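Q: I've got a chain open and want to walk through its contacts. Can you take some quick questions?
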Amino acid sequence: DGIYKSTDAGKTWTHLGLREGQQIPYIAVDRTNSNRLFVAVLGHPYGPNEERGIFRSTDGGQTFQKVLYKGPDIGGSDVKIDPNHPNVIYAGMWESRQGPWENGAWTGTGGGFFKSTDGGDNWTQISGHGLSEGIVQVDIAMSPSDSNRIYATIASGRGVGLYRSDDAGENWTRTTEDPRPVLRIGGGDLPIPSVDPKNPDFIYVCSTVTWRSTDAGKTW
């Protein structure tokens, strides 16, 4: 049903928009300006629609602008604002469709991993430089204490892997070959990474089990 907003700590709510988005996986609010937010809109699960992608609002959700769009079959699955540089935005786009019967699902490589350095006006696809080719889905986590450190769980033709960048997404390494932190790989159940707010080497991955690493993803 779209986006709602409360200004009284959840007692009352106002509908803002994005009603046709249906699936909204993530809302990122600029911690320096609460009227500025980005919304990842995945769209209709069973068919194409135009209200998909990454949307930006600069007026507290009164209006939304579509700033990253890859077509009516590809939605926004994740969006994160750099906690130290609010004009740097990372986003995941996911080509996904559910079938009208149990366990019917399709995915493709039409989406990918994207970065903006100008507040969402322009976007560059992050690929290569150590990442798997043919990215299907991505979940992103940045270190609040060092936002050059980024972790991402990525689903591709190789399966699911956990990757780390130490230079704000320019280069990547697969942190471990241990399969346990990324075991849940079916139907879009991509493990969700989260970084300790004070130590960039401490990372948690939430799936069917929550795993912790204290050495930047090498051991768990």
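Q: Which residue stands opposite Val205 in S16?
A: Pro193 does. Bear in mind that this is a predicted model.

Q: How many bridges do S15 and strand S16 pair over, and are they parallel or antiparallel?
A: S15 and strand S16 (residues 203-206) pair over four bridges, in the antiparallel sense.

Q: What is the strand order in that sheet?
A: The order is S15-S16-S17. The sheet is open, has three strands, and its pairing is antiparallel.

Q: Which are the edge strands?
A: Strand S15 (192-195) and strand S17 (210-213). Each of them pairs on one side only.

Q: And what does the twist average from one strand to the next?
A: The twist averages 20 degrees.

Q: What holds strands together in general?
A: Strands of a sheet pair through backbone hydrogen bonds, and the pairing can be parallel or antiparallel.

Q: Switching to rings. How many aromatic pairs are there?
A: The count comes to three. One of the pairs is Tyr90 with Phe113.

Q: Why does the Tyr90 and Phe113 pair count as tilted?
A: The planes of the two rings are at 50 degrees, so the pair is tilted. Stacked would need under 30 degrees, and edge-to-face over 60. The ring centres are 6.5 Å apart.

Q: Where do the two sit in the chain?
A: Tyr90 is in strand S8 (residues 89-98). Phe113 is in strand S9 (residues 105-116).

Q: Is Tyr90 buried or exposed?
A: Tyr90 is buried, at a relative accessible area of 0%. Phe113 is buried too, with a value of 0%.

Q: What about Trp101 and Trp106, how do they pair?
A: Trp101 and Trp106 pair edge-to-face. The distance is 5.7 Å centre to centre, with 85 degrees between the planes.

Q: Is Trp101 buried or exposed?
A: Trp101 counts as exposed, at 52% relative accessibility. Trp106 counts as partly exposed, at 44%.

Q: Which ring does the charged end of Lys66 sit over?
A: The ring of Tyr69, at 3.9 Å from its centre. Lys80 lies over the face of Tyr26, and there the distance to the ring centre is 4.6 Å.

Q: OK, salt bridges. How many?
A: The count comes to ten. Among them is Arg19 with Asp1, where the closest N and O atoms are 2.5 Å apart.

Q: Why does the Arg19 and Asp1 pair tie together separate parts?
A: Arg19 lies in the loop between strand S2 (14-17) and strand S3 (26-29), while Asp1 is in the segment before strand S1 (3-5), so the pair ties together parts that are 18 residues apart in sequence.

Q: What is the salt-bridge partner of Asp166?
A: Arg149, with the closest N and O atoms 2.6 Å apart. Asp166 lies in the loop between strand S13 (159-165) and strand S14 (173-174). Arg149 is in the loop between strand S11 (137-142) and strand S12 (150-156).

Q: Is Arg149 buried or exposed?
A: Arg149 is buried, with a relative accessible area of 12%. Asp166 counts as partly exposed, at 45%.

Q: How far apart are the closest N and O atoms of Arg174 and Glu177?
A: They are 4.0 Å apart in that salt bridge. Arg174 is partly exposed at 25%, whereas Glu177 counts as exposed at 61%.

Q: Which residues do shared partners join into one network?
A: Arg149, Arg164, Asp166 and Asp201.

Q: Last one. Where does Glu95 lie?
A: Glu95 lies in strand S8. Its relative accessibility is 27%, so Glu95 counts as partly exposed.

Q: What is Glu95 in contact with, leaving aside neighbours within four places in sequence?
A: Its contacts include Asp73, Ile74, Trp106, Thr107 and Val136.

Q: And how far is Glu95 from Gly10?
A: Their C-alpha atoms are separated by 33 Å, and the two are 85 residues apart along the chain.

Definitions and conventions:
Residues are numbered from 1 along each chain as its sequence is written. This is a predicted model: local features need pLDDT of at least 70, side-chain atom pairs count only at pLDDT 80 or more; totals for chains, interfaces and linings use all residues. Side-chain values use heavy atoms; hydrogens and water are left out. Rings of Phe, Tyr and Trp (its six-membered ring) pair if their centres lie within 6.5 Å; planes under 30 degrees apart count as stacked, over 60 as edge-to-face and the rest as tilted. Buried means under 20% relative accessible area, exposed over 50%, partly exposed in between (1.4 Å probe, protein chains only). A charge sits over a ring if NZ of Lys or CZ of Arg is within 6 Å of the ring centre and within 35 degrees of the ring normal. Two strands pair if DSSP finds at least two bridges between them. Axes are lines fitted to C-alpha atoms, for helices over the stretch in contact, and angles run from 0 to 180 degrees between N-to-C directions. A salt bridge is a side-chain nitrogen of Lys or Arg within 4 Å of a carboxyl oxygen of Asp or Glu. Contact means heavy atoms within 4.5 Å.
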